[in-house]
Amino acid sequence: MRNLILPPASGGEATALAQRDALAAHEQLGAQAFPDAPEIPGLRRLIRESWQRSVKLQANPDNPEAPLALDTDELEEYRRQHPLASIMPVIHKLLVQPSHDSGLLVAVGDEVGRLLWVEGDPALQRRAEGMMFVPGADWSEATVGTSAPGTALALGRGIQISGAEHYQRSVHAWSCTAVPFHDPDSGALLGVVDITGKASAVAAHTLSLVEATVAAAQAQLRVERLQLAATLASRPARRRNASSDSARAGGAGGAKEGSLYRNSLQLLGRDQALLSIEGKTVALSARHSEILALLSTHPAGLSAEELSFLLYPGDGPTMTLRAEMVRLRKILQQLNPAAVPESRPYKLTMDLVPDSGQVLNCLQRGAHRIALEIYRGAVLPRSEAPGIIDLRDRVSSLMREAVLTDGSAETLLKYAALPEARDDVDVRTAALKLLPPRSPKRAAVVADVERLEAELRA
């Protein structure tokens with residue numbers, strides 16, 4: 001990782017020269033040809049590429065502060081449910097406690113760049129509020145441009161950003177180091193750990209310190225899951241089944257165990273679902289994706305005739321369904337024997353949380369911004385199963401209605417980028433009403449609206 005580490009920031013000609021080159025590069029940010037301009041001497045390649053992404057994403061380098069993406073109520077609920085909440089004691093012990101007297105801040109964000117915790121030197125925390133480096137703020141590359149949290153997430157590796165290398169000019173007085181946090185079992189990106197401050201925030205040893213802390217926290221998360229699995233495995237069968245039934249009914253105990261076990265079914269924006277059970281993940285066929293999606297939304301179970309009616313257009317034979325269930329059972333048996341569905345009626349034996357269900361739960365609570373972060377597109381978009389079409393229409397229509405009713409300009413534009421909203425004039429018109437008059441994003445939205453209206457008139 002030598003190429004990621006700057007020369008010592010305590011002084012020296014090389015560091016001063018790198019900062020002068022970065023400041024000179026900022027003068028070109030307003031030029032339309034900047035993304036294709038020749039290399040600027042002294043500007044690191046990864047910084048240059050991050051700036052190029054920031055320009056294309058229309059991040060504004062003159063914004064004085066990051067936007068707040070989660071209000072207080074949403075933040076508290078989201079943090080409580082986030083998988084990184086359980087490893088915060090490790091982060092606190094290894095990074096936060098030592099930072100109080102060292103002039104540093106420690107931030108932990110989610111996988112899309114929103115800060116969830118910001119702790120450390122109290123005086124520095126108050127200064128950081130001026131640029132909205134606070135819990136709930138969005139520090140993704142798409143919003144603030146190049147910064148350690150956002151760029152580490154974009155690159156999927158540890159990064160150090162010093163002073164004027166930041167895309168946003170209001171952050172030039174700060175330096176930072178960040179490392180992504182991946183799930184120790186599935187490898188999925190869960191968030192980012194960041195150290196922010198002055199020179200010491202990008203010292204040569206800081207990147208190694210954050211990487212070591214992330215590794216320790218990942219190990220702790222794995223240990224907690226193994227301990228939980230051992231505890232549940234030692235319970236009598238009747239008690240484990242009662243816990244599963246409680247989860248299906250929405251009981252707090254069952255929901256907690258399901259979230260720790262991470263039994264999930266990813267249906268949104270995918271033609272073939274991803275099934276994850278206790279850290280093991282498998283891609284399902286299109287038909288098996290439909291079957292598990294339908295069973296997960298009918299916890300009381302479905303008869304062969306009911307499932308066939310929801311699965312096949314027209315009158316699908318139950319014999320075809322039974323053959324599919326035999327194949328599905330073999331797959332689930334290899335993944336986890338406890339996941340094999342019951343028959344007569346067909347019924348899931350463990351709590352399985354589809355991402356579409358998470359979206360609906362968030363919408364029911366009024367947490368539409370969290371719902372939109374989970375929402376990656378329509379439920380199994382190419383499926384023609386009648387039950388899937390009904391589920392897809394329900395989730396999509398409720399998502400759109402929530403965004404149009406309560407969404408901010410940023411939320412509306414994020415929704416507009418989804419395939420299903422590609423031709424949605426109403427969403428773009430609503431965004432224009434909320435965007436500031438001088439927003440650099442207005443021109444692209446206006447062009448989209450004019451194009452769509454012209455197509456409707458043709």
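## Helices α16 and α17

In this predicted model, helix α16 (residues 386-406) and helix α17 (residues 409-416) have axes that come within 9 Å and cross at roughly 150°. Helices here are DSSP runs of H or I with at least four residues, strands are DSSP runs of E with at least two, and both are numbered from the N terminus. Axes are lines fitted to C-alpha atoms, for helices over the stretch in contact, and angles run from 0 to 180 degrees between N-to-C directions. α16 and α17 are therefore roughly antiparallel to each other; angles over 145 degrees count as such, under 35 as roughly parallel, 65 to 115 as roughly perpendicular and the rest as oblique. Their crossing is left-handed, meaning that the near helix is turned anticlockwise from the far one by less than a right angle (clockwise would be right-handed).

On the α16 side the contact (heavy atoms within 4.5 Å) is made by Ser396, Met399, Arg400, Val403 and Leu404, which meet Thr411, Leu412 and Tyr415 of α17. These residues divide into five nonpolar, two polar and one charged. In this scheme Ala, Val, Leu, Ile, Met, Phe, Trp, Tyr, Cys and Pro are nonpolar, Asp, Glu, Lys and Arg are charged, and the others, Gly among them, are polar.

## Helix α14 and its cover

Helix α16 is also part of what covers the buried residues of α14, along with β6 (264-266), β9 (353-354) and α15 (368-374). In α14 (residues 355-365), the buried positions are Asp355, Ser356, Gly357, Val359, Leu360, Cys362 and Leu363. Buried means under 20% relative accessible area, exposed means over 50%, and partly exposed lies in between (1.4 Å probe, protein chains only).

## Helices α18 and α19

Helix α18 (residues 425-434) packs with helix α19 (residues 442-457) at an angle of about 145°, the axes being 10 Å apart. The crossing of α18 and α19 is left-handed. From α18 the contact takes Val425, Arg428, Thr429 and Leu432, and from α19 it takes Arg442, Val445, Val446, Asp448, Val449, Leu452, Glu453 and Leu456. By class, seven residues of this contact are nonpolar, one is polar and four are charged.

## The five-stranded sheet

Five strands form an open sheet in the order β2-β1-β5-β4-β3, with antiparallel pairing. The edges are β2 (115-120) and β3 (159-162), each of which pairs on one side only. Two strands count as paired if DSSP finds at least two bridges between them. On average, neighbouring strands of this sheet are turned by 20° against each other, direction ignored. Helix α3 (residues 72-81) packs on the sheet and touches β1 (104-110) and β2; the direction of α3 makes about 90° with that of β2.

Strand β1 is mostly covered, with seven of its seven residues buried. Leu104, Val106, Val108 and Asp110 lie on one side, and Leu105, Ala107 and Gly109 on the other. In a regular strand the side chains alternate between the two faces of the sheet. β1 pairs with β5 in the antiparallel sense over seven bridges, and Leu105 has Thr196 in β5 as its bridge partner. β1 also pairs with β2, again antiparallel, over five bridges; here Ala107 is partnered by Val118. β1 and β2 form a hairpin with four residues between them, and Gly113 in the turn has a positive phi of about 95°. Elsewhere in the sheet, β4 (residues 175-182) and β5 (residues 189-197) are antiparallel over eight bridges, with Val192 in β5 as the bridge partner of Pro180.

Strands β6 and β7 run antiparallel and are joined by three bridges; Gln266 has Leu274 in β7 as its bridge partner. Strand β7 (residues 274-277) is covered on both faces, with Leu274 and Ser276 buried on one side and Leu275 and Ile277 buried on the other. β7 and β8 (residues 280-283) are paired antiparallel over four bridges, and Lys280 in β8 is the bridge partner of Ile277.

## Whole chain and basis of the values

The protein has 19 helices and nine strands. Of its 458 residues, 49% count as buried. Among contacts with a separation of 6 or more, 60% come from residues 24 or more positions apart.

Residues are numbered from 1 along each chain as its sequence is written, and side-chain values use heavy atoms, with hydrogens and water left out. Because the model is predicted, local features need pLDDT of at least 70 and side-chain atom pairs count only at pLDDT 80 or more, while totals for chains, interfaces and linings use all residues.
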